[in-house]
Amino acid sequence: MIIQLTHFSAAFVFALFASIVFGITHRETTRDMFRYGLYCFVMFLGGALAAGWAMWLVRR
Amino acid sequence: MANQTTAKTTTKAAEPAQPASAMSVIAPAVGWLIPGAGHIIQKLWIRGSLLFVSIGTLFVLGLLMQGHIYKANGGDILDMLGFVGDLGAGGMYIVTLAMNGGQGAIAFAIADYGTKFMIVAGLLNFIAVADAYHIAIGKKQ
């Protein structure tokens, strides 16, 4: 079985699971874990999108 | 300034050493073999399950994306670093090697993502193992 993810879906899956682990391991309380996980997710995905658009601008 | 530095050094030296319990050895070892198990044996069911699902899914997705798994005798320095990352996945890495999986397919560009997924899964498991240890010694709740 072979999975073919698109670039965006690969970035999404990576951001989701890495953020969950970061949230659990880097904070003490459940609330802080959730907030930090969400922050990491936004930063991962936002960073990838921003870098993509920056490369698009450089290419033009 | 010098007094402050001396005072800080004295305070640090006066801290009592953490008592080594059986759990502080077992939890990281089990957590390395099975991601999240180090938390589960300390009765942190939800955290352990989430870690297992997250790290396990990343590793399995990496395999299904035809990612390459590194072996100990890679030769190249980057291969050795990849091996260290992969090794963090513990039991999943051992099983994959035993089943001769993770050969990697150069034909797929996405296979390179798979390779990175597996390395990251291993590195995340290292973080989870450290977290399980900190919980076991009482440094974290």
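The term salt bridge denotes a side-chain nitrogen of Lys or Arg within 4 Å of a carboxyl oxygen of Asp or Glu. Side chains of opposite charge can pair when their charged atoms come close. Both B:D112 and B:K116 belong to helix α7 (residues 110-136) of chain B, where they stand four residues apart, about one turn of the helix. Helices (H or I, at least four residues) and strands (E, at least two) are DSSP runs, numbered from the N terminus.

How exposed are the two partners? B:D112 is partly exposed, because its relative accessible area is 41%. B:K116 is likewise partly exposed, because its relative accessibility is 42%. In these terms, buried means under 20% relative accessible area, exposed means over 50%, and partly exposed lies in between (1.4 Å probe, protein chains only).

## The other salt bridge

How many salt bridges does a search of the whole structure find over all chains? The search finds two.

## The fold of chain B

Chain B contains seven helices and zero strands. Read from the N terminus, its elements run α-α-α-α-α-α-α. Of the 141 residues in chain B, 41% are buried. Among contacts (heavy atoms within 4.5 Å) in chain B between residues at least 6 apart in sequence, 71% join residues at least 24 apart.

Helix α6 of chain B illustrates this packing. Its residues B:G91, B:M92, B:Y93 and B:T96 are buried. The buried residues of α6 pack against α2 (23-33), α4 and α5 of chain B.

## Two residues with positive phi

B:N100 follows α6 of chain B and has a positive phi, near 60°. This residue, which is not glycine, is found in the loop between α6 (91-98) and α7 of chain B. B:N100 counts as exposed because its relative accessibility is 53%.

In which loop does B:Q66 lie? B:Q66 is placed in the loop between α4 (45-64) and α5 (77-87) of chain B. The phi of B:Q66 is near 65°, again a positive value in a residue other than glycine. B:Q66 counts as partly exposed because its relative accessibility is 24%.

## The interface of chains A and B

In this model, 20 residues of chain A are in contact with 23 residues of chain B. The size of an interface is often given as the accessible area lost when the parts come together. Between chain A and chain B the buried area is about 2100 Å², and carbon and sulfur atoms give 76% of this area. Buried area is here the accessible area (1.4 Å probe) that two parts lose on being put together, summed over both.

Helix α1 (residues 7-26) of chain A supplies the largest share of the side of chain A that touches chain B, namely 12 residues. The residues on this side of chain A divide into 14 nonpolar, four polar and two charged. For this division, Ala, Val, Leu, Ile, Met, Phe, Trp, Tyr, Cys and Pro count as nonpolar, Asp, Glu, Lys and Arg as charged, and the others, Gly among them, as polar. Across the interface of chain A and chain B, the rule finds zero salt bridges.

## A:F8 in chain A

A:F8 lies in helix α1 of chain A. A:F8 counts as partly exposed because its relative accessibility is 46%. Leaving aside neighbours within four places in sequence, A:F8 is in contact with A:L45 and A:L49. A:F8 and A:E28 are 20 residues apart in sequence and 31 Å apart in space, C-alpha to C-alpha.

## Confidence and conventions

The model scores ipTM 0.91 and pTM 0.86. The mean pLDDT (the predictor's confidence in each residue, from 0 to 100) of chain B is 86, and 86% of its residues reach 70 or more. Where pLDDT is low, the predicted coordinates should not be read in detail.

Residues are numbered from 1 along each chain as its sequence is written, and chains are lettered from A and ligands numbered from 1 in the order in which they are written. Local features need pLDDT of at least 70, side-chain atom pairs count only at pLDDT 80 or more, and totals for chains, interfaces and linings use all residues, while side-chain values use heavy atoms, with hydrogens and water left out.
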